[in-house]
Amino acid sequence: MEILNKANRIRLLSLRTPQMRAFHFSWFAFHICFFGWFGIAPLMAVVREDLNLTQTQIGNTIIASVLITVIVRLLIGVLCDRIGPRKTYTGLLVLGSIPVMSIGFANSFETFLLARLAIGAIGASFVITQYHTTMMFAPNVVGTANATSAGWGNLGGGTTQIVMPLIFSGLLMLGVSETLGWRLAMVVPGVVMFVTGIGYWLFTQDAPNGNFDELRARGELPPANGENSAGKSFMSAAKDIRVWALFVVYAICFGVELTINNIAAIYFFDHFDLTLATAGMIAGLFGLMNVFARTLGGVFSDLFARNGGLKGRVRWLFIALICEGIALVAFSQMHVLSYAIGIMLVFSLFVQMAEGATYGVVPFINKKALGAVAGIVGAGGNVGAVAAAFLFRSEAITYQQGLFYLGLIVLVLASCALLVRFSDETEAEEAEAYRQAVGEDTGAGALSLR
């Protein structure tokens, strides 16, 4: 699938072109989905008391919040190939807003578990975000575009840690009880999700030259059947060992980030004896690094590609993963709050750069099955989060021990990045495409405020 008229620059302050509208709507939609997905996490200390949850039950709800996303991410990538990112994102936002607003009806562990399971489906929004920006941007900036849109989306994991306790506190000041307060607070992200879904339908399109239906009608895009059917697309991606190597890689970076988003607030609350608001503010710093950290991962991926081609992108991914593992092991050993915060920020920097580096490689694996590849790799992040959650659901292992073991796992599995290799022919083709994109760019750089 060859999409024409991709942008070779990212003009951050522009909404005039379909490329930049897709960029801004995709990261904002993912941000809001992330907000709804993890909106309950910073309030878990209150929910724990209200519903009388044990550590094991909390662990089970964390698993539920990411488990369903594995399946939905696999399906959503294929759906993007078939009907386009615009329709797919609109449907996910509108339908996903329902369980977010409805979690307040939970009155037991079982109903709360089911609500978190249903909410987890909106985590598939990441795949659509990466798919849509890949459709819109040329090889010289696609790593930066993917990393920035995903990073600013992941930022929702940080803002929710800060904003949700503030919304909750505001409701308490109005005289609402704690039992009712956390329930009403979750209505806010649900409403914003619904409105964003309507906006996505009205203001974006699938590709620079139009929507997929229009492109197929004009013969610019193959029909979604035969060799290009959903089943064929998925099988083509699933048979490629490089896809599964990136599946593991994403499990040990984004999977780790999801785990930290779920446990950070309660970890600081319990381990350092902080208030809920303070613990939430500190935990929010981890996610707030997404303002620039994941973007840096994509920028470095594009820079490494300038001289090293696709091999350079893979080499940078491996370096970022090793640094992530070292920083996580160090964070797990911190007993002084100030040191713990500092090391957590270093760890956050590298885990998010590793994520950006991963999706600096994904667009070049199989262009004919881009959605399937993005979906499988994206699902890896959730599989990693589910696997990591088992470390933290056991009463026999402290959160600190779980973080240490998780860091060691990252260091061991980082070598999977080196399994991603490209043929000489592909290397040459992509090097030429990169040169052409740079040659067409008359601006001063990939990122621009104009």
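Begin by selecting Asp-50, which counts as partly exposed because its relative accessibility is 24%. Please bear in mind throughout that the model is predicted.

Which residue forms a salt bridge with Asp-50? The partner is Arg-183, and the closest N and O atoms of the pair are 2.9 Å apart. Is Arg-183 buried or exposed? Its relative accessible area is 15%, and Arg-183 is therefore buried. In general terms, side chains of opposite charge can pair when their charged atoms come close.

Remain in helix H2 and select Arg-48, together with Asp-270. These two residues also form a salt bridge, with 3.7 Å between the closest N and O atoms. Arg-48 lies in helix H2 (residues 44–51) and Asp-270 in helix H14 (residues 254–271), so the pair ties together parts that are 222 residues apart in sequence. Arg-48 has a relative accessibility of 18% and so counts as buried. Asp-270, with a relative accessible area of 44%, is partly exposed.

Glu-220 counts as partly exposed, at 34% relative accessibility. Arg-218 is likewise partly exposed, at 45%. How many salt bridges does the model contain? The count comes to eleven.

Return to helix H14 and select it together with helix H16 (residues 293–332). Two packed helices are described by the angle between their axes and the distance between the axes. For H14 and H16, the angle is about 35 degrees and the axes lie 13 Å apart. The crossing of H14 past H16 is left-handed. To see where the helices touch, show the side chains of Phe-254, Val-256, Tyr-267 and Phe-268 on H14, and those of Arg-294, Glu-324, Leu-328 and Phe-331 on H16. Of the residues in this contact, six are nonpolar, two are charged and none is polar.

The next stops are in loops. Select Asn-52 in the loop between H2 and helix H3 (55–83). What is the phi angle of Asn-52? Phi is positive, at about 55 degrees, although Asn-52 is not a glycine. Asn-52 counts as exposed because its relative accessibility is 63%.

Then select Asp-273, which is found in the loop between H14 and helix H15 (276–288). Asp-273 is not a glycine, yet its phi is positive, at about 55 degrees. Its relative accessibility is 70%, so Asp-273 counts as exposed.

Finally, select helix H1, which comprises 20 residues, 18–37. From its first C-alpha to its last, H1 reaches 28 Å, close to the 28 Å expected at 1.5 Å a residue. Is H1 mostly covered or uncovered? H1 is mostly covered, since 18 of its 20 residues are buried. While viewing the helix, recall that an α-helix has 3.6 residues a turn, so residues three or four places apart point the same way.

Technical notes. Residues numbered from 1 in each chain as written. Predicted model: local features only at pLDDT ≥ 70, side-chain atom pairs only at ≥ 80, totals over all residues. Heavy atoms only, no water. Helix = DSSP H or I, 4+ residues; strand = E, 2+ residues; numbered from the N terminus. Expected span 1.5 Å × (residues − 1). Buried < 20%, exposed > 50% of the residue type's maximum accessible area, 1.4 Å probe, protein only. Salt bridge = Lys/Arg side-chain N within 4 Å of Asp/Glu carboxyl O. Axes fitted to C-alpha atoms, helices over the stretch in contact; angles between N-to-C directions. Left-handed = near helix turned anticlockwise from the far one by under 90°. Contact = heavy atoms within 4.5 Å. Nonpolar A, V, L, I, M, F, W, Y, C, P; charged D, E, K, R; others polar.
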